[in-house]
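Thanks for coming. I will keep this short and go through a few spots in one model.

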Amino acid sequence: MTTRDRTLAVLVAVCWGLNFPATALALRHYPPLLLVAVRFALIALPTLVLVPRPPIPLRWLVGTGLGIGTAQFAFLYLGMAAGMPSGLASLVLQASAPFTVVLAGVLLRERLTGRQVVGVVVAVGGLGLIAAHRAQVAALLPLLLTLCGGLGWAVGNVCSRRAQAPNPFHLTLWMSTVPVLPMLALSLVVEGPARIGAALGTAFTPAALPALGGLLYVVVVATLVGYGIWNTLLARYPSSTVAPFSMLVPVVGVLSSWLLFDEAIDVVEAVAGVLVVGGVLFGSSRSRRRADPVRREPSLVRADA
């Protein structure tokens with residue numbers, strides 16, 4: 001991976017790390033399933049009118065949208081609404097990185113280098129240390145919901161990699177069309193019309209402005225900028241090369257949540273965070289001869305749906 005692309009991957013981690021306190025603000029006003037639907041509806045509506053559908057098989061477009069858009073955020077927001085602190089959520093969700101590496105190895109036959117294996121093991125060890133430490137004070141259900149969100153993200157990563165979209169930003173926009181209707185239907189059933197109406201009807205009141213700001217950050221920065229760059233990197237490199245950078249997200253998430261919400265950081269979490277960063281940096285430092293972007297195979301970019 002080139003220095004420029006590694007810098008872009010770190011930039012995505014910063015955008016996504018700040019996304020967690022922004023989401024926590026949004027969830028103070030919007031029910032979790034409705035928030036997923038509104039988040040993607042704000043992108044999907046102009047996309048359907050202005051952006052041509054990427055010339056990729058429909059199954060990979062739908063798979064990316066269901067994995068990244070529907071499963072990841074439905075479970076994540078439900079977990080945070082159930083009591084998962086934003087800093088801890090940013091950590092647990094990064095289980096998507098080892099999930100992605102395993103799924104890419106099994107489904108895409110991507111081979112791992114020794115450095116990648118060691119880096120992932122060290123980073124996962126850091127994640128596990130923080131999770132074990134925080135699990136002493138966190139309920140089990142929010143933790144499990146957030147882990148399911150990480151698995152959904154991993155499935156979406158693999159589908160995005162398999163799609164090999166010629167314009168990854170168009171894939172980012174069009175994947176946003178997938179979660180809207182399923183999430184609206186689930187929100188109507190689970191959260192109810194009265195709660196939905198109350199949230200939307202008071203969205204522009206002074207009390208709701210911090211939540212609106214959080215929602216706009218999630219839409220513009222985390223989704224358009226973050227996933228636009230992320231899908232571009234997935235189109236250039238193997239999933240197992242890109243995915244470990246997501247482990248940097250909890251470092252930003254924990255620090256920003258501490259600054260904004262006074263979520264405590266202790267010595268154990270600080271040491272574990274160093275392991276996460278060190279594992280990612282070690283695993284992403286591939287030899288020069290393996291640093292070139294992956295060449296696309298014609299069979300991976302041909303649209304057949």
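By buried I mean a relative accessible area under 20%, and by exposed I mean over 50%. This is a predicted model, so please keep that in mind throughout.

Start with Thr47. Thr47 sits in helix H2, residues 32-50. With a relative accessible area of 2%, Thr47 falls under the 20% limit and is therefore buried. What does the side chain of Thr47 do there? A polar atom of that side chain lies 2.7 Å from the backbone oxygen of Ile43. Setting aside residues up to four places away in sequence, Thr47 touches Leu173, Trp174 and Thr177.

Next, Ser160. Ser160 belongs to helix H7, which spans residues 140-163. Ser160 counts as buried because its relative accessibility is 3%. The side chain of Ser160 makes a polar contact with the side chain of Asn231, at 2.9 Å. One more distance here: Ser160 and Leu61 are 99 residues apart in sequence, yet their C-alpha atoms are 7.5 Å apart in space.

Now the charged residues. Side chains of opposite charge can pair when their charged atoms come close. How many salt bridges does the model have? The count comes to two. Asp5 forms a salt bridge with Arg4, with the closest N and O atoms 3.3 Å apart. Arg4 is exposed, because its relative accessible area is 54%. Asp5 also forms a salt bridge with Arg236, and there the closest N and O atoms are 2.8 Å apart. Asp5 lies in helix H1 and Arg236 in helix H11, residues 209-236, so this pair ties together parts that are 231 residues apart in sequence. Through shared partners, the salt bridges join Arg4, Asp5 and Arg236 into one network. As for burial, Asp5 has a relative accessible area of 3% and so is buried, while Arg236, at 28%, counts as partly exposed.

Glu191 is another charged residue to look at. Glu191 is in the loop between helix H9 (180-190) and helix H10 (193-201). Glu191 is buried, but has no salt bridge. Apart from neighbours within four places in sequence, Glu191 is in contact with Pro31, Pro32, Leu33, Leu34 and Leu186.

The structure holds two cavities of 30 Å³ or more. The largest cavity has about 60 Å³ of space. Which residues line the largest cavity? They are Trp16, Asn19, Phe20, Arg39, Gln72, Phe73, Leu93, Trp153 and Tyr227. Helix H1 (3-26) and helix H3 (58-81) each supply at least two residues of that lining. H1 gives the most, with three residues.

That is the tour. I can go back to any of these spots on the screen.

Methods:
Residues are numbered from 1 along each chain as its sequence is written. This is a predicted model: local features need pLDDT of at least 70, side-chain atom pairs count only at pLDDT 80 or more; totals for chains, interfaces and linings use all residues. Side-chain values use heavy atoms; hydrogens and water are left out. Helices (H or I, at least four residues) and strands (E, at least two) are DSSP runs, numbered from the N terminus. Buried means under 20% relative accessible area, exposed over 50%, partly exposed in between (1.4 Å probe, protein chains only). Lys and Arg count as positive and Asp and Glu as negative; His and the chain ends are not counted. A salt bridge is a side-chain nitrogen of Lys or Arg within 4 Å of a carboxyl oxygen of Asp or Glu. Contact means heavy atoms within 4.5 Å. On a 1 Å grid over the protein atoms alone, a cavity is a set of points where a 1.4 Å probe fits but cannot get out, and a pocket is an open set with protein on both sides within 12 Å along at least five of seven lines; lining residues have an atom within 4 Å of a point. Grid points are joined across faces, edges and corners, and a volume is the space filled by probe spheres set on the points. A polar contact is a pair of N or O atoms within 3.5 Å; within protein, one must be able to donate a hydrogen and the other to accept it, and residues adjacent in sequence count only if both atoms are side-chain atoms.
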